[in-house]
Amino acid sequence: MDRPYTILSCAVSVDGRIDDTGPERLRLSNEADFAEVDELRARCDAILVGAGTLRTDDPRLLVRSERLRARRREQGRTENLLKAVVTRTGELDPGARFFTTGDAGAVVYTGGAGVETARKRFADLPADRPPVDVADAGDPPAVRAIQADLADRGVRRLLVEGGGHIHTLFLTAGLVDELRLAIAPFFVGEAGAPSFVHPGAFPATPAAPMRLVETRAIGDMAVLRYRLGADGPA
């Protein structure tokens, strides 16, 4: 397999922000959307975020539902997904919940001097901790190298959950197969608030738009699902 089927999932405000500028994480999703994303996670093999998301949110990125974890066990899979994080510097905290929770371990994708930095930080982890591998994905890390490594690890479905730099990296590479946007019914309205994507050369243009395959309401939220013209598996 060349690369995993890649789904990018994000909740945004109407004005395209994924957080505000306050100290607490802005809640964009309702409980029904959280449950649907949990189902999406449970159907994937790996979940990926950027180092900024890891440092800011300290996420666990676990499957929340016991029913879904049990279903994964019945399928002969780990209860939770393999976690992946992309960092240019390798300067990550081994004590972050991302690395200390779950049962499938994690992969740190970095490059250049970041490889040695990350390997030093994750050397000699306690035996009762989930394993952490460090993989060289180029300097700077390249999406195709990350996907190829994940495919070699048996990952068939990859879920990308941000933040804005990672969304931009994957979308501008043209290596996303599906985009799920959950739109919260409000504006953030702050110039300094982080955006869903950064400026870039996106393959989806007015001349070559994405294909909308589903639109639904979850309470007051709108969920849009697009298929992209990525050169990957069906």
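Me: What should I know before I start?
Reply: This is a predicted model, where local features need pLDDT of at least 70, side-chain atom pairs count only at pLDDT 80 or more, and totals for chains, interfaces and linings use all residues. Residues are numbered from 1 along each chain as its sequence is written, and side-chain values use heavy atoms, with hydrogens and water left out.

Me: How many helices and strands are there in the protein chain?
Reply: There are 7 helices and 9 strands. Helices (H or I, at least four residues) and strands (E, at least two) are DSSP runs, numbered from the N terminus.

Me: How much of the chain is buried?
Reply: Buried residues make up 48% of the 234 residues. Buried means under 20% relative accessible area, exposed over 50%, and partly exposed in between (1.4 Å probe, protein chains only).

Me: Now helix α7. Which of its residues are buried?
Reply: The helix covers residues 164-172, and G164, I166, H167, T168, F170 and L171 are buried.

Me: What do they pack against?
Reply: The buried residues of α7 pack against β1 (5-12), β2 (46-50), β3 (82-86), α6 (143-152) and β6 (157-160). Contact here means heavy atoms within 4.5 Å.

Me: And what comes just after α7?
Reply: G174 takes a positive phi of about 70 degrees there.

Me: Switching topic. How many aromatic pairs are there?
Reply: The structure holds 2. One of them joins F98 and F99, edge-to-face, at 5.0 Å centre to centre and 80 degrees between the planes. Rings of Phe, Tyr and Trp (its six-membered ring) pair if their centres lie within 6.5 Å; planes under 30 degrees apart count as stacked, over 60 as edge-to-face and the rest as tilted.

Me: Are F98 and F99 buried or exposed?
Reply: F98 is buried, at 1% relative accessible area. F99 is buried too, at 1%.

Me: Which residues form the aromatic cluster?
Reply: F98, F99 and F122 form one cluster.

Me: What sits over the ring of F98?
Reply: The charged end of K83 does, 5.5 Å from the ring centre. The rule asks for NZ of Lys or CZ of Arg within 6 Å of the ring centre and within 35 degrees of the ring normal.

Me: Last one. How many disulfides?
Reply: The count is 0. A disulfide is a pair of cysteine sulfur atoms within 2.5 Å.
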